[in-house]
Amino acid sequence: MFKSGFVAILGRPNVGKSTFLNHVIGQKIAIMSDKAQTTRNKIMGIYTTENEQIVFIDTPGIHKPKTALGDFMVESAYSTLREVDTVLFMVPADEARGKGDDMIIERLKAAKLPVILIINKIDKVHPNALLEKIEDFNSQMSFKEIVPISALQGNNIPRLIDILKSNLEEGIQYFPTDQITDHPERFLVSEMIREKVLLLTREEVPHSVAVVVESMKRDEETDKVHIRATIMVERDSQKGIVIGKKGAMLKKIGSLARRDIELMLGDKVYLETWVKVKKNWRDKKLDLADFGYNKKEY
């Protein structure tokens with residue numbers, strides 16, 4: 001008997017949702033950064049064994065939106081509650097429960113879905129602090145299970161997967177065994193470039209960046225995948241930061257991104273990057289749609 005199900009990963013920004021998903025899938029499909037609100041679209045990670053398939057949906061961090069892009073991200077995260085059988089509500093062990101957590105808890109109560117509380121980053125706290133955290137969240141709502149983990153180190157993740165497997169119901173295999181995400185390669189390439197911009201640039205840049213892959217094709221002569229991508233920013237000053245002195249920053253972004261893209265594609269890559277200014281794109285619906293933040297997703 002084959003079993004399957006859909007599982008949402010919800011939480012505030014920067015709690016480790018993408019790190020967890022990449023660990024479970026065993027390959028980078030969601031970008032990671034210490035900057036909040038790194039994930040902007042729902043990203044599906046597909047975990048398949050001989051007897052089960054768990055389709056994880058990594059969602060943007062839930063926060064108080066200040067732009068149309070922020071509205072898109074939060075609505076995208078909450079819309080997932082209409083699509084799944086179980087919710088993993090992830091909180092960090094090293095931070096106190098905040099207003100954002102309380103807001104999510106109220107939505108989860110209304111959704112009437114089984115919720116597993118995942119306390120991540122347990123490697124950063126003393127066990128006594130962990131017990132206090134469990135008691136605090138337990139007093140807010142009833143959880144199906146509470147599982148402390150370290151997504152970075154992999155601690156306790158096998159136990160969590162076993163719990164999810166035991167809760168699956170009989171169902172079809174939704175995706176082929178070797179498929180690990182629903183997103184096309186172009187999306188993953190654009191995300192890997194954006195991750196490097198987040199990693200390398202100063203505070204004023206990250207939230208203003210979008211990456212559009214203009215073309216992606218194999219060069220028959222060199223047998224390399226030739227990728228042309230445009231990094232969009234909102235201001236001229238940000239363009240200067242992304243390009244850097246004599247193009248040094250852009251070169252570094254491209255070099256680091258190319259390594260990840262080659263690992264994902266299993267091919268040599270020639271990556272060409274450009275930087276353009278599109279003023280206030282985060283508040284313009286047409287630009288949001290053009291850059292892949294489209295309401296059709298929910």
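## Aromatic pairs

This predicted model has three aromatic pairs by the ring-centre rule. One of them joins F6 and Y174: the ring centres sit 4.8 Å apart with the planes at 65°, so this pair counts as edge-to-face. F6 belongs to strand β1 (residues 3-10), while Y174 is in the loop between β7 (169-170) and α6 (185-200), so the contact ties together parts that are 168 residues apart in sequence.

F20 and F56 make another edge-to-face pair, with 5.9 Å from centre to centre and 85° between the planes. Here helix α1 (residues 17-25) supplies F20 and strand β3 (residues 52-58) supplies F56, so the pair links parts 36 residues apart in sequence. As for burial, F20 comes out at 0% relative accessible area, and F56 is buried with a value of 0% too.

## Nonpolar cores

F20 and F56 turn up again in the largest nonpolar core, which has 53 residues. Along with L88, I193, I231 and I261, they are the residues that touch the most other members. The general background is simple: in soluble globular proteins, nonpolar side chains tend to be buried together.

What does I231 touch, leaving aside residues up to four places away in sequence? Its contacts are I193, V197, V209, A210, V211, V242, L250, I253, W274, V275 and K276.

Another core, of 26 residues, lies apart from the largest one; L81, V87, L117 and M141 are among its members.

Key:
Residues are numbered from 1 along each chain as its sequence is written. This is a predicted model: local features need pLDDT of at least 70, side-chain atom pairs count only at pLDDT 80 or more; totals for chains, interfaces and linings use all residues. Side-chain values use heavy atoms; hydrogens and water are left out. Rings of Phe, Tyr and Trp (its six-membered ring) pair if their centres lie within 6.5 Å; planes under 30 degrees apart count as stacked, over 60 as edge-to-face and the rest as tilted. Helices (H or I, at least four residues) and strands (E, at least two) are DSSP runs, numbered from the N terminus. Buried means under 20% relative accessible area, exposed over 50%, partly exposed in between (1.4 Å probe, protein chains only). A nonpolar core is a set of buried Ala, Val, Leu, Ile, Met, Phe, Trp, Tyr and Cys residues joined through side-chain atoms within 4.5 Å. Contact means heavy atoms within 4.5 Å.
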